[in-house]
Amino acid sequence: MIPARKTRTIHVRDLAIGGDAPIAVQSMAATRTQDVEATLRQVRILEAAGADLIRIAIDSKADVEALRTIRDATDSRLSVDLQENYRLVEQVGPLVDKVRYNPGHLHHHERQKPIRDKVAFLVDQAQRHGCAIRIGVNAGSIAPEYKERFGGDHVGAIAQCALDHCELVDGLGFTDYVVSIKDSDPRLVVDANVRFAEQRPDVPLHLGVTEAGMPPDGVIKTRIAFEQLLSRGLGDTIRVSLTVPFDDKGMEIEVGRQLIDDVRNGRFRSVPPNFFDGLNIIACPSCSRVENERFIELAEDVKKMTTYAAEHDVTIAVMGCRVNGPGETDDADLGLWCGPNYVNLKRGPEEVGAFSYDDILGKLREELDAVIERKAAVS
Ligand code: SF4
């Protein structure tokens with residue numbers, strides 16, 4: 001049930017991605033990179049689960065130093081996630097096999113410098129160090145010019161941004177890249193990836209539903225997108241993002257392999273038409289940027305506390321850090337994002353305040369009741 005894929009084949013060290021290569025399954029360490037011991041333990045968990053590629057986030061020179069130690073301790077293929085500080089590619093290039101940049105974060109540093117020049121720098125460094133690249137577009141961090149151009153058409157914005165960056169990278173003569181276009185809504189993931197692939201059937205695709213959240217909903221959302229895309233012959237590498245405790249992180253790999261096997265053998269799970277009705281909890285899978293170790297527990301507590309509202313059409317987003325938290329909660333009715341000592345609470349794009357980890361659930365409950373009341377009044 002997985003038709004022949006038409007993309008070119010690229011290489012991440014000895015791992016082929018695209019063309020007729022097996023679909024690669026990858027994951028990401030959900031630890032603070034500078035906590036080398038914890039990150040290595042997470043890498044071992046992912047290795048034991050059979051990860052083809054392991055991603056680690058980098059934001060500072062201290063992170064790069066930690067990565068150096070991690071690199072020395074593992075033979076796994078490593079990918080690095082660059083966020084705002086794209087110039088760190090110069091230091092991490094020699095340590096990793098693949099570099100992910102997010103077009104939506106390139107405007108933060110050196111604001112006067114054209115995006116084209118920043119991409120040229122990334123490509124040059126990747127070439128020097130034999131790294132592949134992922135152009136990783138995310139609906140939660142759309143680059144300002146695309147937000148302006150496409151307004152509320154998120155799918156149009158993220159698909160066009162990916163297409164434009166492919167053109168930039170092509171223009172630099174670099175072909176060892178994949179593209180990911182992610183959203184927390186699996187239906188939009190399908191739409192954006194199909195639109196992109198119609199125009200660029202040659203570019204290998206990394207599939208993912210961002211902030212899918214906790215199992216079982218996180219698995220179901222991922223399945224909805226991957227079944228639709230893999231069965232169209234779209235998807236060369238996948239990452240299942242789940243909000244799960246540290247020791248269970250291997251589940252992302254196990255679920256990914258199971259899902260590929262199910263689609264290959266025609267085992268599709270039907271999803272009831274009302275799956276998208278009612279309470280929707282979006283939660284990031286956590287990564288090195290998570291600002292407090294209590295994040296996973298908080299996400300689980302939010303899920304438990306809100307069960308009383310299961311029938312109401314309300315979206316709550318729970319994010320682990322300030323890098324993506326503020327932007328990625330904008331579209332939710334209520335958003336939480338973690339700081340080191342406080343949890344920030346938002347009502348849509350509006351900030352409500354910052355509350356201690358002990359007080360946040362009570363405050364969220366008050367806000368949720370108010371949202372339910374407001375929605376009932378207008379319906
Ligand atoms: S929201 Fe922050 S902590 Fe969560 S996955 Fe994204 S970058 Fe990592």
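The model is predicted, so local features are given only where pLDDT is at least 70, side-chain atom pairs count only at pLDDT 80 or more, and totals for chains, interfaces and linings use all residues. Residues are numbered from 1 along each chain as its sequence is written.

**Stop 1: helix α6**

Select residues 154–171, which form helix α6. Helices (H or I, at least four residues) and strands (E, at least two) are DSSP runs numbered from the N terminus. The expected span of a helix is 1.5 Å times one less than its number of residues. For the 18 residues of α6 that gives 26 Å, and the end C-alpha atoms are 26 Å apart, so the two agree.

Now colour H154, V155, A157, I158, A159, C161, A162, H165 and V169, which are buried. Buried means that 20 or more other C-beta atoms lie within 10 Å of the residue's own; 12 or fewer is exposed, in between is partly exposed, and C-beta atoms are placed from the backbone. An α-helix has 3.6 residues a turn, so residues three or four places apart point the same way.

Which elements do the buried residues of α6 pack against? Show α4 (115–129), β7 (132–138), α5 (144–150), β8 (177–182) and α7 (186–199). Contact here means C-beta atoms, placed from the backbone, within 7 Å. After α6 comes G173, with a positive phi near 75 degrees.

**Stop 2**

Axes are lines fitted to C-alpha atoms, for helices over the stretch in contact, and angles run from 0 to 180 degrees between N-to-C directions.

The crossing is right-handed. That word applies if the near helix is turned clockwise from the far one by less than a right angle, and left-handed if anticlockwise. Show R116, V119 and V123 of α4 with H165, L168 and V169 of α6, which make the contact. By class these are four nonpolar, one polar and one charged. Ala, Val, Leu, Ile, Met, Phe, Trp, Tyr, Cys and Pro count as nonpolar, Asp, Glu, Lys and Arg as charged, and the others, Gly among them, as polar.

**Stop 3: α7 and its two partners**

Move to α7. Its axis comes within 9 Å of that of α6, and they cross at roughly 40 degrees, which makes α6 oblique to α7. This crossing is right-handed. On α6, pick H154, V155, I158, A159, A162 and L163; on α7, pick L188, D191, A192, R195, F196 and Q199. The contact has eight nonpolar, two polar and two charged residues.

Next bring in α8 (217–230). The axes of α7 and α8 come within 8 Å and cross at roughly 25 degrees, so α7 is roughly parallel to α8. Again α7 passes α8 in a right-handed crossing. P186, V189, V190 and N193 of α7 meet K221, I224, A225, Q228 and L229 of α8. Six of the residues in this contact are nonpolar, two polar and one charged.

**Stop 4**

Select the loop between β9 (206–207) and α8, where P216 is found. A cis peptide bond joins P215 and P216, with omega about 0 degrees. E211 is in this loop too. E211 has a positive phi of about 50 degrees although it is not a glycine. Is E211 buried or exposed? With 29 other C-beta atoms within 10 Å, E211 is buried.

**Stop 4: A283**

A283 sits in strand β11 (residues 280–283) and counts as buried, with 28 C-beta neighbours inside 10 Å.

**Stop 5: E110**

Finish at E110, in the loop between β6 (98–101) and α4. E110 is not a glycine, yet its phi is positive, about 45 degrees. E110 is partly exposed, with 13 other C-beta atoms within 10 Å.

Terms used. Contact = placed C-beta atoms within 7 Å. Parallel < 35°, antiparallel > 145°, perpendicular 65-115°, else oblique.
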